Amino acid sequence: MRLSRRVAALAVAFGTMFATVACSSTEEPGAGSKKVEVFTWWADGGEKAGLDGLVGVFKTDCADYEFVNGAVAGGAGSNAKQVLASRLQQNEPPDTFQAHAGAELSDYINDDQLEDLSAQYTEWGLGNAFPKGLIENLTVDGKIYSVPANIHRANVLWSNKTVLAKAGITKDADTLDGFFADLDKLKASGVATPLALGKDWTQQMLFEALLISKLGPEKFNGLWNGGTDWKGADITAAINDYKKLLTYTNKDRDTFDWTDAEKLLMDGKAAYQLMGDWEAADLDAKGFKDYGWSVFPGNGNVFQWLADSFVLPKNVKNAEGTKCWLKTVGSATGQAAFNQKKGSIPARTDVGTDGFPAYQQAAMGDWKTATQVPSCPHGSACAQGWQGAVGSAQGKFSADGDVAALQTALAAAAAEFGSKK
Ligand code: GAL
């Protein structure tokens, strides 16, 4: 998929805005450079801790090379993706960048921006290391374009145990009705905004979790592969429930990143937050111990997955160094060091549970037995054009609450982008 004019304009604007960040991380490596610029959005907290874990292994296994941190802060790549688009457009790629497995990766493949890594998969014995389904999400026309670092779960409800106890909530709700009842109990106990929420992509996540409850996994998958009609009455009903859910959230949500919303939970100003399991790592990194987790109410045994992977862009300054980074990412040691700190679980199937926090040990078990569905804001279900269209539609809805307008915009986004995957 080509960059739309709007995205291209944004890319240029952000490129200028972040020029200092980008330049300082690519200081003239020159020919024979030992530097490997790794571009991510893992700049703080648990995300940085995960990256640091991986860098530790890289320093040992790739001692000839020097890690250069090209991180651009902002949850889910909200700033990084624009900077990256601008750099790719100007043919100034970082040596490697983080990309989500699935439709989002296809954006870069279709734009001919990535090298084929099939030979490296053979050389490093990666062919059988990852689940078959995941490999399919990294492959186009028989060529494989990235090395997955992890599997994250998106549909997790995090909670502040003390706030729940004060409201007399002793058990996790497993239906939407039960969840609404608990939110009412929390309001009655004096928690004005029991459900912490952030801006656009975090709102997409909450809405998707609700859609999984309302539609079930099969119909939810159909939203992304054309099998489910976005104009249906069941979607109208889901949007109405989502509108009700928003009444329990903080009004300043549209200015919040996920970590700002997380702070409301940590400070006891909110009881719940729907967020991917990078939140486990972040709460741990911040020393907050009073948290619980459960799958979003009504999601049953559905595991909404996404995977971070790393690529070898075309025309990089240090392809050999990047290969060493990618080898580290794909190795069992690299995956253990990274995932133990990142809240995710290894993409490799041969890494044991030893050394992993309790949350990830549970997630490793769930991953094996759960029904899997993808995520749009985290790229496994849809590419960047579609993500952006849904994000702005939901941002508008957050302000005006117009159910019919949101449904029309979501249906239009599916019609425009659904066929381009
Ligand atoms: C996701 C990414 C995760 C985590 C999260 C929040 O898109 O896959 O690794 O970083 O954003 O920033």
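Analyst: Happy to! Cys376 counts as buried, because its relative accessibility is 0% (buried means under 20% relative accessible area, exposed over 50%, partly exposed in between, with a 1.4 Å probe and protein chains only). Before we go on: this is a predicted model, where local features need pLDDT of at least 70 and side-chain atom pairs count only at pLDDT 80 or more, while totals for chains, interfaces and linings use all residues. Residues are numbered from 1 along each chain as its sequence is written, and side-chain values use heavy atoms, with hydrogens and water left out.

User: Thanks. What does Cys376 form a disulfide with?

Analyst: With Cys382; the two sulfur atoms are 1.9 Å apart. A disulfide here is a pair of cysteine sulfur atoms within 2.5 Å. Cys382 is buried too, with a relative accessible area of 0%.

User: Is the link of Cys376 and Cys382 right-handed or left-handed?

Analyst: Right-handed, with 70° about the S-S bond.

User: How many disulfides does the count come to?

Analyst: The count is 2 disulfides. Besides the link of Cys376 and Cys382, there is a disulfide from Cys62 to Cys324, with an S to S distance of 2.2 Å. Cys62 sits in the loop between α3 (45-61) and β2 (66-69), and Cys324 in helix α14 (residues 319-330), so this pair ties together parts that are 262 residues apart in sequence. Helices (H or I, at least four residues) and strands (E, at least two) are DSSP runs, numbered from the N terminus.

User: And which hand does the disulfide of Cys62 and Cys324 have?

Analyst: The S-S torsion there is about -95°, so that disulfide is left-handed. Both Cys62 and Cys324 are buried.

User: What's the pairing, with the bonded cysteines numbered in sequence order?

Analyst: It reads 1-2, 3-4.

User: Let's zoom out. How many helices and strands does the protein have?

Analyst: There are 18 helices and 14 strands. The radius of gyration is 21 Å, close to the 22 Å that the globule rule gives for 421 residues, so the protein is as compact as a globular protein of that length. That radius is taken over C-alpha atoms, and the rule is 2.2 Å times the number of residues to the power 0.38. Along its principal axes, the C-alpha trace spans about 65 × 45 × 40 Å.

User: How much of the protein do buried residues make up?

Analyst: They make up 58% of the 421 residues. As for contacts (heavy atoms within 4.5 Å), residues 24 or more positions apart account for 78% of those with a separation of 6 or more.

User: Now a local one: where is Gln98 found?

Analyst: Gln98 belongs to strand β3 (residues 96-100), and with a relative accessible area of 3% it is buried.

User: Which residues is Gln98 in contact with, leaving aside its neighbours within four places in sequence?

Analyst: On that basis, Gln98 contacts Phe39, Thr40, Trp41, Trp42, Asp308, Ser309 and Phe310. Leu84 is 14 residues from Gln98 in sequence, and their C-alpha atoms are 10.0 Å apart in space.

User: What follows α4?

Analyst: Asn91 follows α4, and its phi is positive, near 60°.
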